[in-house]
Amino acid sequence: MKVVLVRPNAGLKSTYLPLGLGYIAGAARSAGHDVTILDARLERLPVTRTVRRILDERPDVIGLTALYARAEKEAALDVAGVYKREGGKAPVVLGGALVSSLGREMVATGLIDLAVAGEGEAGFTGYLKALEAGQAPDRIPGVIFSRDGVVQAVPRDGFIEDINQLNVAWDLLRPERYFSFPGRSGQSVIKKSHRCLPLFTSRGCPFGCIYCHNVFGRKFRARSPESVVREMAMLKDTYGVREIEIEDDCFNADPDRAKAIARRMIDEKLDLALSFPTGLRADRMDRELIDLLKQAGTYRIIYAVETAVPRLQRLIRKNLDFQRTDEMIAYTADRGIMTGGFFMQGFPTETETEMRRTVDYALGSKLHQAFFFYVNPFPGTELAERFPVKEAQNDGNGHMRYSVLRVNLSEVPSATLWKINKSAYRRFHFSIRRMWRTLRVAPKNLRTLWAVLVTLALSFRDLEDF
């Protein structure tokens, strides 16, 4: 079957490589299908040209992807709607993290024929197999579809246990297209090299944070160190990659495996820069792991702290060991690794005193960077289920951003929460001493300058595309 996988152009500035589409393409091609990837965001294609490109391929199935932003949701619906109005007959399938939150809603529009929740490789290839056989999709775990006007969802039956069997269709992604500034080939704005690509070494996170989307489940499933380093070497040899960005949910859930990956990188002399922009658990680090990561080429680590208040740590079930966290943040910074922290403001029942305590924690730490995000209850998370928000309160978009205040679950008035957030950025980043410490370890290039400008902007306003 001819399959066209599409990332619609949502008009967002960040244009990171759509690694998820690469995994879906790899699975579909391994199942014997002819696959094309169209990144309309990268090519800045309007919806009409996107649809024309799709029609030219004469697909049997179209796969769209969307993450969390409202713009991505609307862009996917626009492409599906115009495609159908232009007479397209192929079924339109939606994947991506948005499905875990709004899958039923998207199918209910009538523009999406089927959605695949969670890991898409098995669900999407299962649907292709059923379609070829002329069978209904009602036995494919994780899919959402409409029958006789009624939206139905087939329960998931677990996750892919052996993720070593998965592969990315790198040749279809054509990663060299993502290497230019100001495009972002991964999650981070800061990079040592423009020849940077994202990589997954594991899926799932064993911790139970209630704000998590839990797309990959609670069970930690890891690729072997040999598989990970082999792929790194291939990317270096084939595409001239100079930097790898690890985007796991929790890379260091198994510290011994993390050490094995670092040792193998060192032994094979890969000479690649390494960064962890999506957040590690500081209390799952130790000095040996930090030393090995440094030796392997790591120059930047972000730690997901969220709140410095023990009561709130228990509420959100993060349950960080703060004695260990403090020690590992300090040691990481002392080793000359650019060290950042993720913090969240506006948890349910959070008081102004508690909010300021978290800010003070960041200010008193050795962190080089700190990001203060708003708590937003994304649909489908335990946080949203336990603390529901009226649509009127978030204006229909509150679940779409961590960097824009549209939902306030705390005990603090929204105006005060906003002021605390902006003050936190200014107090942290406008420190001459911290600026000097950061400049000593930060990459010396235009991307770092861009990151500084973005951070300064966050000191005064909320940003939609961050």
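**Exercise 1. Determine which way the side chains of strand 11 (residues 243-246) point, and whether they are buried or exposed.**

Solution. Glu243 and Glu245 point one way from strand 11, Ile244 and Ile246 point the other way, and all are buried, where buried means under 20% relative accessible area with a 1.4 Å probe and protein chains only. In a regular strand, side chains alternate between the two faces of the sheet. Strands here are DSSP runs of E with at least two residues, and helices are runs of H or I with at least four, numbered from the N terminus. This is a predicted model, in which local features need pLDDT of at least 70 and side-chain atom pairs count only at pLDDT 80 or more, while totals for chains, interfaces and linings use all residues. Residues are numbered from 1 along each chain as its sequence is written, and side-chain values use heavy atoms, leaving out hydrogens and water.

**Exercise 2. Identify the strands that pair with strand 11.**

Solution. Pairing requires that DSSP find at least two bridges between two strands. Strand 8 (residues 196-199) runs parallel to strand 11 and is joined to it by four bridges, with Leu197 opposite Ile244. Strand 12 (residues 273-280) also pairs with strand 11 in the parallel sense, over three bridges, and Ser275 is the bridge partner of Glu245.

**Exercise 3. Describe how helix 1 (residues 19-30) packs against helix 5 (residues 120-132).**

Solution. The axes, lines fitted to C-alpha atoms over the stretch in contact, lie 9 Å apart at an angle of about 40 degrees, on a scale from 0 to 180 degrees between N-to-C directions. Angles under 35 degrees count as roughly parallel, over 145 as roughly antiparallel, 65 to 115 as roughly perpendicular and the rest as oblique, so helix 1 and helix 5 are oblique to each other.

Notes
Buried < 20%, exposed > 50% of the residue type's maximum accessible area, 1.4 Å probe, protein only.
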